[in-house]
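Dear colleague,

Here is the structure I promised to pass on to you. Please look through it first; my notes on what was found follow below.

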Amino acid sequence: MIDEATEFEAVHGVRPSGVWAAPGRVNLIGEHTDYNHGFVLPIALPHTTRVTARRREDGRLRLFSAQGGGTITELALDGLEPGVVTSWAGYPAGVFWALAEAGHAVGGADLYVDSDVPSGAGLSSSAALECATAAALNDLYDLGLSAPELAVLAQRAENAFVGVPCGVMDQMASSCCTDGTALFLDARTLEQRHVPFDLAAAGLRLLVIDTRVKHDLGDGAYAALRAGCERAAELLGLPALRDLAAADLGPALDRLPGELRPLVRHVVTENGRVLEAVDHLVRGDLAALGPVLTAGHASLRDDFRVSCAETDLAVEAAVAAGALGARMTGGGFGGSVIALVGAEQVAEVSAAVTAAFRAAGFAAPVAFTAVPSAGARKVG
Ligand code: GLA
């Protein structure tokens, strides 16, 4: 068993039963489409959150995080209610709550959490924590749930227990992705297809640039955008914006108040970009993904308006330095940018972004290359 067992024992005084890992993600394309019942195309990162765990028979949760300030959060399963746990511990506690609420026979547990998924960087560190916890409980309590079922329960934990109205993309990516592929997901039906995404074979790299502008979905802006999209669908008499065909976009926009039009235009064109991107990947033409990424960024910047000066500059500088395409990834308001670059251009593109940030007086970004990695799994 890996190092975590020793750390777990130091904190909890017993040996753990196992170690479960779940990754962060970057979304290649399909932003703010999941809660509109549309399409997304994320990959899992090599970075994971690991939950080392053991059952407890007394209905109590003892939660410790290596990044959490050195204290154990102790909770009674019985007393769990939305809103009562406000720290990082709300994510794992929310997963216990969601499982119990859905009627699954889950009891107490000791957890030791450690993570190398950057937090606040738009890379889904919360989904990684939820999905690693869900995978651990699924095994510890023999629940027999599938990866998509665990993802949906993890989303429920975040929506109803933590109080963030996110869609299902991050949890599905963290639970269901496989090595070497992107996850083409229909967020309405949860139908999934693992599309090969072999960057190395195409002589390409995916650069992830954390702008260090902390993003926070809990601050109301995300909820307001989601409500705007749902209102637009209602005004158009549709179950969701997914149901608006690209060919009907023009007349539909004429029927909406001005402030909702750009939101609808983004969602409809973004769903189209996901389908286009999947076509390119299926044909093995990974380079053709570049312009799709850049067009997606323009739509997030000009129509959906969730980019910021730092993400715009990172995209602009990466493309000017030779990236095939770039865009912000995740919910927005900061976070990370992805850039598709030739294998030989990684250093040049990241140096150009760093130089542009310095010239603009922004804090230095952090860049790394990512390969599509595996979803939640038992690792020890
Ligand atoms: C966040 C949410 C996702 C999704 C993206 C935007 O990551 O958690 O459900 O809505 O924003 O695409």
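Domain 1 and domain 2 bury about 3400 Å² between them, of which 65% is on carbon and sulfur atoms; buried area here is the accessible area, taken with a 1.4 Å probe, that two parts lose on being put together, summed over both. Please keep in mind that this is a predicted model, in which local features need pLDDT of at least 70 and side-chain atom pairs count only at pLDDT 80 or more, while totals for chains, interfaces and linings use all residues. Residues are numbered from 1 along each chain as its sequence is written, and side-chain values use heavy atoms, with hydrogens and water left out.

The two parts in question are domain 1, residues 4-190, and domain 2, residues 195-370, with bounds that come from an automatic or database domain assignment. Their C-alpha centres lie 25 Å apart, and 37 residues of domain 1 are in contact with 49 residues of domain 2, where contact means heavy atoms within 4.5 Å.

Across this interface the rule finds three salt bridges, each defined as a side-chain nitrogen of Lys or Arg within 4 Å of a carboxyl oxygen of Asp or Glu. The rule also finds 21 residue pairs in polar contact across the interface, both residues at pLDDT 80 or more; a polar contact is a pair of N or O atoms within 3.5 Å, where within protein one must be able to donate a hydrogen and the other to accept it, and residues adjacent in sequence count only if both atoms are side-chain atoms. On the side of domain 1 that touches domain 2, at least two residues each are supplied by β1 (18-27), β2 (39-40), β3 (42-56) and β7 (181-186), strands being DSSP runs (E, at least two residues) numbered from the N terminus.

Threonine 329 is found in strand β10, residues 325-329, and its side chain reaches the backbone oxygen of asparagine 27 at 2.8 Å. Is threonine 329 buried or exposed? Threonine 329 is buried, because its relative accessible area is 1% and buried means under 20% (1.4 Å probe, protein chains only).

Technical notes. Helices (H or I, at least four residues) and strands (E, at least two) are DSSP runs, numbered from the N terminus. Buried means under 20% relative accessible area, exposed over 50%, partly exposed in between (1.4 Å probe, protein chains only).
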